[in-house]
Amino acid sequence: AASVKNPIDMIASAPIEHYKQTLETVIADEKNVTYSDGTSINNWDGKYKNFIPISESLKLSRNIPALKTFKLLDKAQLKEFVTSLGLSPEEYLHEAHSIGGYNGESPLSMAAAYAAFANGGYYTEPYSFTKLVYVNSGETYINSTKTEQVMHDYTAYMITYMLQKAASYGLDTGKYYNVNGVKYAAKTGTTNFDAPTKKANNLPAKAVKDYWVVGYNTEYSIGIWYGYDSIKDGHNTLGSLQHARIFQAVAKGVFTNKDNFTKPSSVVKVKIEEGNATVMLPSKSTPKSYIKTELFIKGTEPKITSTRFAKLDSITKLQGYSDLGTIHLTWAPIDTPDAFNTELLTEQNKSAYESTNRLNLYVKSLIKENQSVLGNIGYNVYVQNADGTETLIGWTSNTSYDLTGYYGDVTIIVRTCYSKFKDNIADKVSIIVNNQAPEPVAPPITEPTVPEEPPTV
């Protein structure tokens with residue numbers, strides 16, 4: 001049997017089933033991660049996505065998050081889970097299982113395993129007939145099938161939800177995805193040759209061993225393998241997409257039901273704020289572009305509200321005095337906002353990273369991103385008008401400001417705010433300063449200039 005590459009959908013199922021993990025749980029897709037014995041591992045494209053939710057990791061077939069997830073799982077639970085789906089891992093679950101590095105599966109076993117997701121968590125052992133009727137005796141033999149619940153309905157639905165997103169991406173973002181307008185779930189896979197094999201067989205850099213697609217709708221599950229029994233017979237080429245073409249051709253003949261998968265009551269939809277290592281609710285100030293709706297197992301919804309865009313703290317110790325017609329203001333700065341708090345962001349993200357250097361680089365990149373959206377921290381200065389309205393005088397990143405041109409009892413207001421993002425501006429802090437206009441200074445008295453007498457000729 002050929003081996004399936006990157007069965008991260010099966011790896012992702014176990015933490016959802018046993019630990020009720022959310023789809024937005026993040027893992028660092030980073031360099032220099034190894035197996036426990038020190039053997040190196042890379043992603044199929046040699047690139048790294050850094051901070052990535054498991055739902056995105058599944059869609060993009062990332063090896064590093066798959067291995068990291070595998071390391072965290074109870075191996076006995078994992079083996080019980082995958083074998084209940086009819087899969088046949090090796091006796092000892094070594095870490096290469098996380099990316100399909102074992103004896104392998106057949107298209108039949110993979111299609112049957114995926115069908116359990118479509119069936120709400122119930123696995124049925126594959127069969128090719130329902131009954132036999134003997135011509136001579138008329139005796140009928142009924143082929144009894146065994147169906148067993150192997151996972152919760154929430155696990156099946158959430159994996160299906162992720163694989164629906166993965167289907168479009170893996171099948172060339174629409175070119176081979178459209179099948180009779182049917183909504184279906186699918187996962188592609190690639191089995192690579194290692195460097196020594198390529199060298200020994202004089203294979204080109206883009207040579208790959210096997211291609212896979214396994215997909216399902218509400219009625220059928222399809223498993224496709226595209227490859228060669230022997231390396232001597234030939235090889236595939238990265239990006240050739242023969243497997244996608246074949247899958248689409250087969251699916252067009254059987255995927256006709258346009259019903260979508262039904263969300264069970266055990267799954268709820270919740271709006272969250274994107275871009276946080278810990279899944280959080282949006283604040284009142286979170287921009288719409290940073291809010292998305294995600295699925296959660298009922299009872300595991302996030303309770304913490306993000307402070308990334310939260311209302312800023314007000315200043316303290318506002319003071320002002322008048323000096324020769326100029327109002328001088330000073331105040332105490334606010335504490336560093338959470339969006340720029342290196343210590344806080346490091347603590348929030350450290351569980352996702354094995355490398356301290358990579359963690360530090362990520363925190364720096366996150367602060368840089370926040371600054372591009374929010375701008376710098378600073379303060380708006382206003383003068384309150386007689387009717388109670390406010391006139392903005394200016395913005396400063398300093399904790400002092402000078403005003404001129406306002407006299408008498410002047411009510412001055414200072415609000416903490418960013419230079420770009422204004423929706424989370426702080427409450428006002430005000431002060432009244434009596435500013436007297438300086439006494440006019442008389443011009444100096446000078447004697448009239450007497451013209452000199454012209455020289456006498």
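Helices (H or I, at least four residues) and strands (E, at least two) are DSSP runs, numbered from the N terminus. The structure described here is a predicted model, in which local features need pLDDT of at least 70 and side-chain atom pairs count only at pLDDT 80 or more, while totals for chains, interfaces and linings use all residues. Residues are numbered from 1 along each chain as its sequence is written, and side-chain values use heavy atoms, with hydrogens and water left out.

**Two loop residues with positive phi**

Lys20 belongs to the loop between helix H1 (8-19) and strand E1 (26-29), and although this residue is not a glycine, its phi is positive, at about 55°. Lys20 has a relative accessible area of 40% and is therefore partly exposed; buried means under 20% relative accessible area, exposed over 50%, and partly exposed in between (1.4 Å probe, protein chains only). Asn202, which is not a glycine either, has a positive phi of about 55°, and its place is the loop between helix H7 (195-200) and strand E8 (207-216). Asn202 counts as exposed because its relative accessibility is 71%.

**Aromatic rings**

A pair of aromatic rings is described by the distance of the centres and the angle of the planes. Twelve aromatic pairs are found in the structure, where rings of Phe, Tyr and Trp (its six-membered ring) pair if their centres lie within 6.5 Å, and planes under 30 degrees apart count as stacked, over 60 as edge-to-face and the rest as tilted. The ring centres of Phe340 and Tyr418 are 5.9 Å apart and their planes stand at 65°, so this pair is edge-to-face. Phe340 lies in the loop between strand E14 (326-332) and helix H9 (342-349), and Tyr418 in strand E18 (residues 408-418), so the pair ties together parts that are 78 residues apart in sequence. Are Phe340 and Tyr418 buried or exposed? Both residues are buried. One aromatic cluster is formed by Tyr114, Phe117, Tyr216 and Phe261.

**Charges over rings**

A charge sits over a ring if NZ of Lys or CZ of Arg is within 6 Å of the ring centre and within 35 degrees of the ring normal. The table lists two such cases, Lys75 over Phe70 and Arg415 over Tyr382.

| Charged residue | Ring | Distance from ring centre |
|---|---|---|
| Lys75 | Phe70 | 4.8 Å |
| Arg415 | Tyr382 | 5.6 Å |
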